[in-house]
Amino acid sequence: MNPRITVVEDEEALSVLLRYNLEAEGYDVETVLRGDEAEIRLQERVPDLLILDWMLPGISGIELCRRLRARAETERLPIIMLTARGEESERVRGLATGADDYVVKPFSTPELLARVRAMLRRARPEVISSQLKVGEIELDRETHRVKRRGRDIKLGPTEFRLLEYLMSSPGRVYSRAQLLDGVWGHDVYVDERTVDVHVGRLRKAVNLSGMRDTIRTVRGAGYSIEA
């Protein structure tokens, strides 16, 4: 599962350029042109990193940053602020509002990509690591191999993505809607009952004979994986 990045930039040409370069690096990218629309999107789906322009229609980037820091769901969201304001006082203001990094336009695309990688490595190492481990289960993103207590587990592509998604935040309970969005994508229509079917298949595959059930069902809430 690729790290998810939301780009909020009202200059359409720059937005397209950023999306192209970020997707070329392997990121899952969503672009938004307005601050008020971005606020709604971020309530529905929190990415792994936000690239946010200072000046936006609807709600300014600086105000949106302040609101995101006030919400529990997004208070730790890594934010890189883009702006044409290069004065030290403005950089200080942006960082004081809650931005984690600050890039002044015009900027070098390779430099921005390097900052994105560094911030993800620091803030969310689990989304860029090639290997995940939760309890007895080990998952290798590069080889697509899964093991439990050293024994290979055979998974279909959907079950692999589902396990990867759950293992990226062990202990967190994901609703069926969140799993549909994260594993299947928000542009694909799949019935929520499909999630139950694939969780059942995943549970059967990873819970080898005599091993405890590591996937927890939270009635009325969703699923999580426990260490």
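**Starting from Leu33**

Leu33 sits in the loop that runs between E2 and H2; labels like these are DSSP runs numbered from the N terminus, with helices (H or I) needing at least four residues and strands (E) at least two. Keep in mind that this is a predicted model, where local features need pLDDT of at least 70, side-chain atom pairs count only at pLDDT 80 or more, and totals for chains, interfaces and linings use all residues. Residues are numbered from 1 along each chain as its sequence is written, and side-chain values use heavy atoms, with hydrogens and water left out.

With a relative accessible area of 36%, Leu33 is partly exposed; that label covers the range between buried (under 20%) and exposed (over 50%), using a 1.4 Å probe and protein chains only. Skip the neighbours within four places in sequence, and Leu33 is in contact with Glu9, Asp10, Ser15, Leu56 and Pro57, contact meaning heavy atoms within 4.5 Å. For a sense of distance, the C-alpha atoms of Leu33 and Val195 are 32 Å apart, with 162 residues separating the two along the chain.

Step over to H2, which covers residues 35-44, and you'll find Gly35, Ala38, Glu39 and Leu42 buried. Looking down the H2 axis, those buried residues fall within an arc of 105°, so they line one face of the helix; the arc is taken from the directions between the helix axis and the C-beta atoms. Strands E1 (4-8), E2 (28-32) and E3 (49-53) are part of the cover over that buried set, and helix H3 (61-70) is too.

H3 has its own buried residues: Gly61, Ile62, Leu64, Cys65, Leu68 and Arg69. Down the H3 axis they fall within an arc of 160°, so these too line one face of their helix.

Further along, there's a cis peptide bond to look at: it joins Lys105 and Pro106, with omega at about -10°. Pro106 is in the loop between strand E5 (101-104) and helix H5 (109-123).

Next stop is the region around E8. His144 is in the loop between strand E7 (137-140) and strand E8 (145-148), and its phi is positive, about 60°, although it is not a glycine. His144 counts as exposed at 53% relative accessibility. Arg149 is in the loop between E8 and strand E9 (151-153); phi there is near 55°, again a positive value in a residue other than glycine. Arg149 is exposed as well, at 54% relative accessible area.

In E8 itself you have Arg145, partly exposed at 42%. Apart from close sequence neighbours (within four places), Arg145 is in contact with Glu138, Leu139, Asp140, Asp152 and Phe160. Phe160 counts as buried, with 4% relative accessibility. Beyond four places in sequence, its contacts include Leu139, Asp140, His144 and Arg145. Its C-alpha is 24 Å from that of Gly220, 60 residues away in sequence.

Thr214 is another buried residue, at 4% relative accessible area, and belongs to the loop between helix H8 (193-206) and strand E10 (215-218).

Zooming out, the protein chain has eight helices and eleven strands. Its radius of gyration, taken over C-alpha atoms, is 19 Å, close to the 17 Å that the globule rule gives for 227 residues, so the chain is as compact as a globular protein of that length. That rule is 2.2 Å times the number of residues to the power 0.38. The C-alpha trace spans about 65 × 35 × 30 Å along its principal axes, and buried residues make up 46% of the 227. Of the contacts with a separation of 6 or more, 56% are between residues 24 or more positions apart.
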